[in-house]
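These are my notebook entries on one protein chain. I recorded what I looked up, entry by entry.

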Amino acid sequence: MSATILDGKATRDAIYEDLKVRVAALRAKGIAPGLGTVLIGDDPGSAMYVRGKHADCAKVGITSIRKDLPADISPEDAEAVLDELNADPACTGYIVQLPVPKHLDTGRLLERVDPSKDADGLHPVNLGRLVLMEPAPLPCTPRGIVELLNRYQVPIAGQNITVVGRGVTVGRPLGLLLTRRSENATVTLCHTGTKDLAAEVIRADIVVAGAGVPHLITPDMVKPGAAVLDVGVSRTESGMAGDVHPDVRSVAGFLSPNPGGIGPMTRAMLLTNVVEAAEAQA
Ligand SMILES: Nc1nc2c(c(=O)[nH]1)N[C@@H](CN(C=O)c1ccc(C(=O)N[C@@H](CCC(=O)O)C(=O)O)cc1)CN2
């Protein structure tokens, strides 16, 4: 058996076709969606992700606003740039690219973003709304995971889902998203303190691996036919590696690869958040 591939690139392309039409309709009404990015420092990976976000904006007709700031910027100067974006009517949504340099306090920066312009859904107010199951922009990777499963008609409701990793951009909000009434899954959130990871993974109908540990999920850990989503990425001596061992493909029923799975969906959900926020103004 070989798993059906959950193709994030093809799904992203289909989403962009839909977004193009929605952006054109907004522009016809005089509303121009604009995505701002704040990139602090010169991490090549982060710079590549930001370039990708702006290339995607061009594809669907969203205006791009870039703020590239030096690695040694003071917290006050960085916050002043966020204030500028909060006040700029051309910027309908924006993100602070993570991680930020160590001398800056990530939580403090995210709190400075106007919650109504929070394209990443990472402001504490919007995360609080997710806890309360109220409407809010959703964090892009968790939203992309649910969207990809839905588009391939992988059932979520009533399923046992094991999420590996408790980070603020993926694991924690994903657990909240999947346990809303509309998704209705039973979630086990695993982390470095989990006693027996293999036991938690083998009983899962869906496994989401986002720990950043190369090839952490091996074929013997996966229930035959389960859906496995590889969200982790690590730099190794032999190149980039995901959290899922390549041989899992022969056991899983569905596999979202890395690259080509959740990464492109993350970008697509960011643009979807921007368009939805602009539509809410219309
Ligand atoms: N403010 C945020 N920072 C970060 C987030 C986030 O959602 N918001 N997530 C990651 C980085 N990220 C987006 O910012 C991201 C990572 C990977 C990809 C992607 O498409 N990866 C490709 C592989 C790389 C390529 O070929 O371009 C893939 O998986 O196929 C997109 C976005 C941390 N920071």
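**Entry 1**

I began with glycine 165, which counts as buried because it has 23 C-beta neighbours inside 10 Å. The rule I applied calls a residue buried if 20 or more other C-beta atoms lie within 10 Å of its own, exposed if 12 or fewer, and partly exposed in between, with C-beta atoms placed from the backbone. I note that this is a predicted model, in which local features need pLDDT of at least 70 and side-chain atom pairs count only at pLDDT 80 or more, while totals for chains, interfaces and linings use all residues. Residues are numbered from 1 along each chain as its sequence is written.

I located glycine 165 in the loop between strand E5 (160–164) and H7. Helices (H or I, at least four residues) and strands (E, at least two) are DSSP runs, numbered from the N terminus. Apart from neighbours within four places in sequence, glycine 165 is in contact with Val170, Gly171, His191, Gly210 and Ala211. Two residues are in contact if their C-beta atoms, placed from the backbone, lie within 7 Å.

I then consulted the UniProt record, an unreviewed entry, which places the feature "binding site" at Gly165, Arg166, Gly167 and Val233. UniProt positions are given in the numbering used here, feature names are shortened, and annotations may be inferred rather than shown by experiment. Valine 233 lies in the loop between strand E8 (227–230) and strand E9 (234–236). I classed valine 233 as partly exposed because 17 other C-beta atoms are within 10 Å. Its contacts, leaving aside neighbours within four places in sequence, are Gly212, Met240, Gly242 and Asn258.

**Entry 2: Annotated domains**

In the unreviewed UniProt entry, I found "domain: Tetrahydrofolate dehydrogenase/cyclohydrolase catalytic" over residues 6–120. That span is 50% helix and 16% strand, and its end C-alpha atoms lie 23 Å apart. The unreviewed entry also gives "domain: Tetrahydrofolate dehydrogenase/cyclohydrolase NAD(P)-binding" for residues 139–281. Residues 139–281 are 32% helix and 19% strand, with end C-alpha atoms 20 Å apart.

**Entry 3: A sheet of three strands**

I traced an open sheet of three strands in the order E3-E2-E4, with parallel pairing. Its edge strands, E3 (63–69) and E4 (93–96), each pair on one side only. The twist averages 15° from one strand to the next. Two strands pair if DSSP finds at least two bridges between them. How many bridges join E2 to E3? I found seven between strand E2 (residues 34–40) and E3. Within E3, arginine 66 is the bridge partner of threonine 37.

Two helices lie across these strands. Helix H2 (residues 44–60) lies across E2 and E3, at about 170° to E2. Helix H3 (residues 75–87) lies across E2, E3 and E4, at about 175° to E2. Axes are lines fitted to C-alpha atoms, for helices over the stretch in contact, and angles run from 0 to 180 degrees between N-to-C directions.

**Entry 4: Helix H5**

Which residues of H5 are buried? In helix H5 (residues 124–131), I found Asn126, Leu127 and Leu130 to be buried. Seen down the axis of H5, they fall within an arc of 100°, so they line one face of the helix. The arc is that of the directions from the helix axis to the C-beta atoms. The face turned away from the buried side carries the exposed residues Gly128 and Val131. The buried residues of H5 pack against helix H7 (171–178).

**Entry 5: Backbone exceptions**

Most residues other than glycine have a negative phi, and most peptide bonds are trans. I therefore listed departures from this pattern. Just after H5, methionine 133 takes a positive phi of about 60°. Glutamine 153 has a positive phi near 55° and is found in the loop between H6 and E5. Glutamine 153 counts as exposed because it has 7 C-beta neighbours inside 10 Å.

The peptide bond from leucine 98 to proline 99 is cis, with omega near 0°. Asparagine 258 and proline 259 are also joined by a cis peptide bond, with omega about 10°. I placed proline 259 in the loop between strand E11 (254–256) and H9.
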